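Subject: Structure handover

Hello,

The structure you asked about is placed below. Please look through it before you read the notes that come after.

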Amino acid sequence: MKAWFIVRAQIAEAGMKESFDRWYHDEHLPDALKSFKARRAWRAWSDSDPCLHYAWYEFDDLASAKAILGSEALKRLVADFDRAWGNKVARSRDFVGIVQSMDA
């Protein structure tokens with residue numbers, strides 16, 4: 001069943017949103033999608049917290065998603081992120097796999 005790698009990023013201040021958004025759009029998401037060999041990727045800003053950003057990377061299964069852990073691709077992307085944003089963006093990562101799916 002499908003799985004996702006999710007990155008939650010909290011920017012330090014709303015004034016950073018435009019530059020963070022542009023960087024993520026132009027550089028980071030396309031690079032991460034290709035480097036992770038994910039099926040697809042998308043991202044969004046929280047409606048309730050203007051400083052909270054999410055990115056999702058879709059994989060065929062949890063094992064495929066978790067294969068990026070410790071990979072050179074993840075190490076490089078984390079280093080690139082840290083160079084660009086340093087301690088101005090706190091982030092966390094998670095892996096989730098579908099355990100149940102229903103259609104209406």
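This is a predicted model: local features need pLDDT of at least 70, side-chain atom pairs count only at pLDDT 80 or more; totals for chains, interfaces and linings use all residues.

Residues are numbered from 1 along each chain as its sequence is written, and side-chain values use heavy atoms, with hydrogens and water left out.

The core

The largest nonpolar core has 25 residues. Such a core is a set of buried Ala, Val, Leu, Ile, Met, Phe, Trp, Tyr and Cys residues joined through side-chain atoms within 4.5 Å. Buried means under 20% relative accessible area, exposed over 50%, and partly exposed in between (1.4 Å probe, protein chains only). Among the residues with the most contacts inside the core are Phe5, Phe20 and Val89. Helix H1 gives the largest share, six residues. Helices (H or I, at least four residues) and strands (E, at least two) are DSSP runs, numbered from the N terminus.

Aromatic pairs

The structure holds 14 aromatic pairs. Rings of Phe, Tyr and Trp (its six-membered ring) pair if their centres lie within 6.5 Å; planes under 30 degrees apart count as stacked, over 60 as edge-to-face and the rest as tilted. Phe5 and Phe36 are edge-to-face, at 5.6 Å centre to centre and 80° between the planes. Because Phe5 lies in strand S1 and Phe36 in helix H1, this pair ties together parts that are 31 residues apart in sequence. Both Phe5 and Phe36 are buried.

Phe20 and Trp23 form a tilted pair, with 6.2 Å between centres and 40° between planes. They are three residues apart in helix H1, so about one helical turn separates them. Phe20 is buried at 0% relative accessibility, and Trp23 is buried at 11%.

The end of helix H1

Leu33 is in helix H1 (residues 17-36) and is partly exposed, at 29% relative accessibility. The C-alpha atoms of Leu33 and Tyr57 are separated by 7.0 Å, although the two residues are 24 apart along the chain.

Ser35 is also found in H1. What does the side chain of Ser35 make a polar contact with? The partner is the side chain of Arg76, at 2.6 Å. A polar contact is a pair of N or O atoms within 3.5 Å; within protein, one must be able to donate a hydrogen and the other to accept it, and residues adjacent in sequence count only if both atoms are side-chain atoms.

Lys37 lies in the loop between H1 and strand S2 (40-45). Lys37 is exposed, with a relative accessible area of 69%.

Regards
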